[in-house]
Amino acid sequence: MKKVIIIGAGAQGNVISGVLSKAEDIGEIMLADIDIERANEVAQYAGSEKIKTATLNAAHKADMVDLFKTGRYDLVINATLMTFNRQIIEAALESGTHY
């Protein structure tokens, strides 16, 4: 079973987490956002036990590297603003997580 982390619980993160929660080969989804209430709302709406939530600021690369390594995620999905693309890609590279 694959472990996925989605960064961003906005419109894109909402749809992505809902679709992936129905995939048989996905065992866990971490939905991380700076606004934990929004992440929890999206997780509750999706209604899947696979979805967990976390607070994460995509501007803090070191925090992302730590979370990616600790969670041992197979894939990072960026559902944030393009402003954060570089930090997320660099964090994925540093942690050895697929982007």
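Modeller: Let us begin with aromatic pairs: rings of Phe, Tyr and Trp pair if their centres lie within 6.5 Å. By that rule, the count in this structure is zero aromatic pairs. Please bear in mind that this is a predicted model.

Colleague: What makes K3 lie over the face of Y73?

Modeller: A charge sits over a ring if NZ of Lys is within 6 Å of the ring centre and within 35 degrees of the ring normal. K3 is at 5.2 Å from the ring centre of Y73 and lies over its face.

Colleague: Why are the buried residues of α2 said to line one face of the helix?

Modeller: In α2, residues 36–46, the buried residues are A39, V42 and A43. Viewed down the axis of α2, the buried residues fall within an arc of 100°, so they line one face. E37, Q44 and Y45 are exposed on the other side of α2. The cover over the buried residues includes α1, β2 and β3.

Colleague: Why is E41 called partly exposed?

Modeller: Buried means under 20% relative accessible area and exposed over 50%. E41 has 48%, so the term for values in between applies. R38, at 26%, also counts as partly exposed.

Colleague: How do you know that the salt bridge between E94 and K61 links distant parts of the chain?

Modeller: The side chains of E94 and K61 meet at 2.9 Å, N to O. E94 lies in helix α4 and K61 in helix α3, 33 residues apart.

Colleague: What makes K61, R86, E90 and E94 one network?

Modeller: E90 forms a salt bridge with R86, the closest N and O atoms being 3.0 Å apart. Both lie in helix α4, four residues apart, about one turn of the helix. Salt bridges that share partners join K61, R86, E90 and E94 into one network.

Colleague: Is R86 buried or exposed?

Modeller: R86 has a relative accessible area of 62%; exposed means over 50%, so the label follows. E90, at 26%, counts as partly exposed.

Technical notes
Residues are numbered from 1 along each chain as its sequence is written. This is a predicted model: local features need pLDDT of at least 70, side-chain atom pairs count only at pLDDT 80 or more; totals for chains, interfaces and linings use all residues. Side-chain values use heavy atoms; hydrogens and water are left out. Buried means under 20% relative accessible area, exposed over 50%, partly exposed in between (1.4 Å probe, protein chains only). Helices (H or I, at least four residues) and strands (E, at least two) are DSSP runs, numbered from the N terminus. The arc is that of the directions from the helix axis to the C-beta atoms. Contact means heavy atoms within 4.5 Å. Rings of Phe, Tyr and Trp (its six-membered ring) pair if their centres lie within 6.5 Å; planes under 30 degrees apart count as stacked, over 60 as edge-to-face and the rest as tilted. A salt bridge is a side-chain nitrogen of Lys or Arg within 4 Å of a carboxyl oxygen of Asp or Glu.
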